[in-house]
Amino acid sequence: MMLRKRGPLIGDNTDFKCFKWVVRQKFTSRQSFKNAIAKYEILQGRNITITSSNNHRKQNVTVKCVSGCKFYLYGGWDSRRVVYVVKLVNGEHSCSRNMKKNRKMKSRWVADQFLEVFKVRPHWPAKEIMATIKKAFGVLVNKDFAYRVKYHAHRMFHGSMLEHYTKHGRYIEALKHINPQSLVELVTDPTRVDNANVFQRLHVCFEGLKHGWLEGCRKVICIDACFLKTFLGGQLLSAIRKDHNDQTYPISWAVVESENNESWEWFLQNLQIFLNLGDGNDLVIISNEHQVTILNGVAKVFPKAEHRHCARHIYAHWHKSFKGKDLKLLFWKAKAYSKAYFKDSLVEIEKILPAAVDGFKRYNPVCFSRAYMSFTTKVDVIVNNMAETFNGYIITARTKHIIHMLEDIRTQVMQLYVKKGDVSKWKGDYGPRVIARLEKEKEKAKNCEAIPSTNTIF
Ligand SMILES: [Zn+2]
């Protein structure tokens, strides 16, 4: 076909969603023509085949759709205008749009299309990725595909995960060099028959955090685990506390292969040695009650510790079977400070639904009702939200490769302490949050009267 006039130049800025092929469309190269076919194929839900082509940049290309479809495209090099052009076209399809399978839509390509989104939201959930792909390309993809998209996006930002794991030795050396008194404990996989040093666990606790906890916090530790959001899986175990101003105080964290008896035991033993915790005498540990591996680990490493179970988690489980506003109020009333109030609450629950009391007792209230707690630590905390707050605080870091993640956590924790402000500027012996809470309690107590029962007891 003769070219009589100049046609439009097709490139990266072309919208292929409503694109129509016509004769004389121009491309800067044969590769640019093939890229355009790929985008057209993805965005219009077709499965196209390039039937004749070789690697020479000026060679003609013939494009067909699925068997029985009339779509046809023929492109070739125009040496006079030095462009690649469409020479023959039948742009109408007699096939139907394919929503479920698109051969050209590779996860790497999709990741490239959404790099800007991943930059802002590295933990973009798989469900949302699937919905966005459906909206953008009209293709239904499964969860595995969404995870592969995420993997490629992170790889584009941070390089290969395996390469990162080969660098952790130097990272640990650097940490130890700068902070020699800190705990940086690496464990390699003992099951490897080839004796290769394959990463299994890494525990970090900085010396400064240790001293802060020992000198400024009561002996309470909240422990929890959360998933790492990369392809290699793994979990992050953490130990958190509230500081003397009632704010989150991360003490220590570890990357482990998974939550199991060995990993929790190892984590707790490291804490035991590094923080001089002994057998857990006068120590309170708070965790979720349904994590059997934590219960086993605490019982083994800290047999004398008081192990409290998070009341909020217990309520969430109990509430699944026993719903209602009244039951909710009574559940939280049962966290009472005295055994009498605790028993009253159970009687009230029984009046509404007797089975709810049995359900309540199955969670072992001694572990989450304040009426049964020891006074030694002088802390009435019965929820594990500090650890969960920390998990949320580092959610973006958890999407990254190990060294970037550990560095992000380290710097985020550092920033957390900077934000807390200078303690020397406090107007008194207590933090401003504690003073505010104290004032609130004083206000509540102003109408109370202390009545003596003996000369010394009120
Ligand atoms: Zn077709």
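Two residues are in contact here if their C-beta atoms, placed from the backbone, lie within 7 Å. By that criterion, six residues of domain 1 are in contact with four residues of domain 2, in a model that is predicted. The protein chain holds 16 helices and twelve strands, and it is divided into domain 1 (1-104), domain 2 (107-158) and domain 3 (193-429).

**Overall dimensions**

- The C-alpha trace of the protein chain spans about 115 × 60 × 50 Å along its principal axes.
- The radius of gyration of the protein chain is 32 Å, whereas a compact globule of 458 residues would have one near 23 Å.
- Of the 458 residues in the protein chain, 29% count as buried.
- Among the contacts in the protein chain with a separation of 6 or more, 60% are made by residues 24 or more positions apart.

**Domain 1 and domain 2**

- The centres of domain 1 and domain 2, taken over C-alpha atoms, are separated by 26 Å.
- On the side of domain 1 that touches domain 2, the residues divide into three nonpolar, two polar and one charged.

- Strands of a sheet pair through backbone hydrogen bonds, in either a parallel or an antiparallel sense.
- Strand E3 (residues 61-64) pairs with strand E4 (residues 72-78) in the antiparallel sense over four bridges, and Thr62 has Tyr74 in E4 as its bridge partner.
- Strand E4 is also joined to strand E5 (residues 83-90), by seven bridges and with the two strands running antiparallel.
- Strand E1 (residues 26-27) pairs with E5 in the antiparallel sense over two bridges, with Val85 in E5 as the bridge partner of Lys26.

- An open sheet of seven strands, with mixed pairing, has the order E6-E7-E10-E9-E8-E11-E12.
- Strand E6 (183-188) and strand E12 (306-309) stand at the edges of this sheet, and each has a single partner strand, so one side of each is left without a neighbour in the sheet.
- From one strand to the next, the twist averages 20°.
- Strand E8 (residues 220-227) and strand E11 (residues 284-287) run parallel and are joined by three bridges, with Val220 standing opposite Val284 in E11.
- Helix H14 (residues 385-393) lies across E8, strand E9 (235-242) and strand E10 (248-256), and its direction is at about 40° to E8.

**Ser238 in strand E9**

- Ser238 lies in strand E9, and it counts as buried because 24 other C-beta atoms are within 10 Å, where the cut-off for a buried residue is 20 or more.
- Not counting residues up to four places away in sequence, Ser238 touches Asp224, Pro250, Trp253, Ala387 and Phe390.
- Ser238 and Ser252 are 14 residues apart along the chain, and their C-alpha atoms are separated by 5.8 Å.

**Two asparagines with positive phi**

- Asn276 is found in the loop between helix H8 (261-274) and E11, and its phi is near 55°, a positive value in a residue other than glycine.
- Asn276 is exposed, because it has 9 other C-beta atoms within 10 Å and the cut-off for an exposed residue is 12 or fewer.
- Asn364 has its place in the loop between helix H13 (354-362) and H14, and its phi is near 60°, again a positive value in a residue other than glycine.
- With 13 other C-beta atoms within 10 Å, Asn364 is partly exposed, since that class lies between the cut-off for exposed residues, 12 or fewer, and the cut-off for buried residues, 20 or more.

Conventions
Residues are numbered from 1 along each chain as its sequence is written. This is a predicted model: local features need pLDDT of at least 70, side-chain atom pairs count only at pLDDT 80 or more; totals for chains, interfaces and linings use all residues. The radius of gyration is taken over C-alpha atoms; the globule rule is 2.2 Å times the number of residues to the power 0.38. Domain bounds come from an automatic or database domain assignment. Ala, Val, Leu, Ile, Met, Phe, Trp, Tyr, Cys and Pro count as nonpolar, Asp, Glu, Lys and Arg as charged, and the others, Gly among them, as polar. Two strands pair if DSSP finds at least two bridges between them. Axes are lines fitted to C-alpha atoms, for helices over the stretch in contact, and angles run from 0 to 180 degrees between N-to-C directions.
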